[in-house]
Amino acid sequence: MWAIDSKLTDLYKEHHLFKSCISIQFPKGWHSIIKEIVQFLEYSNRRIDFKIVVTQVKIKFGMLIVYLEPELSVSGDAKSYEQFSEIAQKVDGIANKSFRMCKICGKNLVKTVVDSRIAVRCLEHFDVTQGDKDLRRMRL
Ligand SMILES: [Zn+2]
């Protein structure tokens, strides 16, 4: 079984991008995704007139979901809105990598046949539930 490693998630509680974050939950195997999102947000925040922060990190339907919020000093104009939605879309794209990543080791999941059905799993962590089964079947 995989579990939330609170030592790992606690690392982010003090991080400036996570100050207004209500909860941070992700399995160890997906830490590289979090690191990539943090790096991308720090890079993006330097290029816009406001700041984008993380408000929640959670696992939903076996995938990583990251909620973001713009920290606007003035009321958001159309340009800021466009920049925010563009950056949020890219963050979603990075978070979607979790669909093919083992929750324990982060390796790519492979398609295997189990009970004459195709299942996506890690070859090393065969017994770990890697997500919502119905959703996975739909996507294969
Ligand atoms: Zn694994």
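**Labels and their cut-offs**

Reply: E69 is partly exposed, with 15 other C-beta atoms within 10 Å. This is a predicted model: local features need pLDDT of at least 70, side-chain atom pairs count only at pLDDT 80 or more, and totals for chains, interfaces and linings use all residues. Residues are numbered from 1 along each chain as its sequence is written.

Me: Why is E69 called partly exposed?

Reply: A residue is buried with 20 or more other C-beta atoms within 10 Å of its own, exposed with 12 or fewer, and partly exposed in between; C-beta atoms are placed from the backbone. E69 has 15, so the label is partly exposed.

Me: Why is F61 called exposed?

Reply: F61 has 11 other C-beta atoms within 10 Å, and the limit is 12 or fewer, so F61 is exposed.

Me: What makes the phi of F61 worth a remark?

Reply: Most residues other than glycine have a negative phi. F61 is not a glycine, yet its phi is positive, about 50°. F61 sits in the loop between strand 2 and strand 3. That hairpin has two residues between the strands.

Me: Which residue takes a positive phi in the hairpin of strand 4 and strand 5?

Reply: D115 does, near 50°; this hairpin also has two residues between its strands.

Me: What makes strand 1 and strand 2 a pair?

Reply: Strands are DSSP runs of E, at least two residues; helices are runs of H or I, at least four; both are numbered from the N terminus. Two strands pair if DSSP finds at least two bridges between them. Strand 1 and strand 2 (residues 51–60) have two bridges, in the parallel sense, so they pair. I24 has V57 of strand 2 as its bridge partner.

Me: How do you know that strand 2 and strand 3 pair?

Reply: Nine bridges join them, against a required two, so they pair. They run antiparallel. V57 stands opposite V66 in strand 3.

Me: Why are strand 1 and strand 3 called edges?

Reply: The open sheet has three strands in the order 1-2-3, with mixed pairing. Strand 1 (23–24) and strand 3 (63–71) each have a single partner strand, so one side of each has no neighbour in the sheet.

Me: What does E69 touch?

Reply: Contact means C-beta atoms, placed from the backbone, within 7 Å. Leaving out residues up to four places away in sequence, E69 touches S20, V53 and T55. E69 and V53 are 16 residues apart in sequence, but 5.5 Å apart in space, C-alpha to C-alpha.

Me: What makes a group of residues a nonpolar core, and how many are in the largest one?

Reply: The members are buried Ala, Val, Leu, Ile, Met, Phe, Trp, Tyr and Cys residues, joined through C-beta atoms within 7 Å. The largest core has 21 residues. Those with the most contacts inside it are F26, W30, I33, I37, L64, V66 and A95. Helix 2, strand 2, strand 3 and helix 3 give two or more residues each. Helix 2 has the largest share, four residues.

Me: Which residues does I33 touch?

Reply: I33 touches L64, I94, A95, K97 and S98, again not counting residues up to four places away in sequence.

Conventions. Contact = placed C-beta atoms within 7 Å.
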